[in-house]
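Student: I would like to learn how to read a helix and its surroundings in a model. Where do we start?

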Amino acid sequence: LRHVDFDKIKCVLVGSPGFVNQDFMAYLQEKATARGERTLLQHRSRFVLCHASSGHKRAVAEMLASPAVAHALSETRVLGDVQALE
């Protein structure tokens, strides 16, 4: 996560079949807390958990078609527009 610039990244999709995405987020948060990764802990709201039918790259289109993901992406766009107006 040292290479992720959260000033540019507005949303991180974490998708998987089953509950792997939730397990991964729990693991990521546990390690971030143990290591004192303040940047990750501050930006954990940008991680969006979503369901994917497979681990194949075609599942990205499925995740992007999800209403929850569409809502999260629209919020980041609106937030960016508001910041641009200010």
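Tutor: Start with Asn-21, which sits in helix H1, residues 20-35. Keep in mind that this is a predicted model.

Student: Is Asn-21 buried or exposed?

Tutor: Buried means under 20% relative accessible area. Asn-21 has 5%, so Asn-21 counts as buried.

Student: What lies 2.8 Å from a polar atom of the Asn-21 side chain?

Tutor: The backbone oxygen of Cys-50 does. Cys-50 is also among the residues that Asn-21 touches beyond four places in sequence, together with Val-14, Gly-15, Ser-16 and Leu-49.

Student: Which other residues of H1 are buried?

Tutor: Besides Asn-21, they are Met-25, Leu-28 and Ala-32. Viewed down the helix axis, the buried residues of H1 fall within an arc of 65 degrees, so they line one face. They pack against strand S1 (12-16), helix H2 (38-42) and strand S2. On the other side of H1, Val-20, Asp-23, Glu-30 and Ala-34 are exposed.

Student: How do I check the length of H1?

Tutor: Compare the expected span with the distance between the end C-alpha atoms. At 1.5 Å a residue, the 16 residues should span 22 Å, and the ends are 22 Å apart, so the two agree. After H1 comes Gly-36, with a positive phi near 75 degrees.

Student: Which residues make up the largest nonpolar core?

Tutor: There are nine, including Cys-11, Val-48, Cys-50 and Leu-73. Strand S2 (47-51), helix H3 (59-64) and helix H4 (67-85) each give two or more residues, and H4 gives the largest share, three. A second, separate core has seven residues, among them Val-14, Ala-32, Leu-40 and Phe-47.

Notes: Residues numbered from 1 in each chain as written. Predicted model: local features only at pLDDT ≥ 70, side-chain atom pairs only at ≥ 80, totals over all residues. Heavy atoms only, no water. Helix = DSSP H or I, 4+ residues; strand = E, 2+ residues; numbered from the N terminus. Buried < 20%, exposed > 50% of the residue type's maximum accessible area, 1.4 Å probe, protein only. Polar contact = N/O pair within 3.5 Å; in protein donor to acceptor, adjacent residues only side chain to side chain. Contact = heavy atoms within 4.5 Å. Core = buried A, V, L, I, M, F, W, Y, C linked by side-chain atoms within 4.5 Å. Expected span 1.5 Å × (residues − 1). Arc of directions from axis to C-beta.
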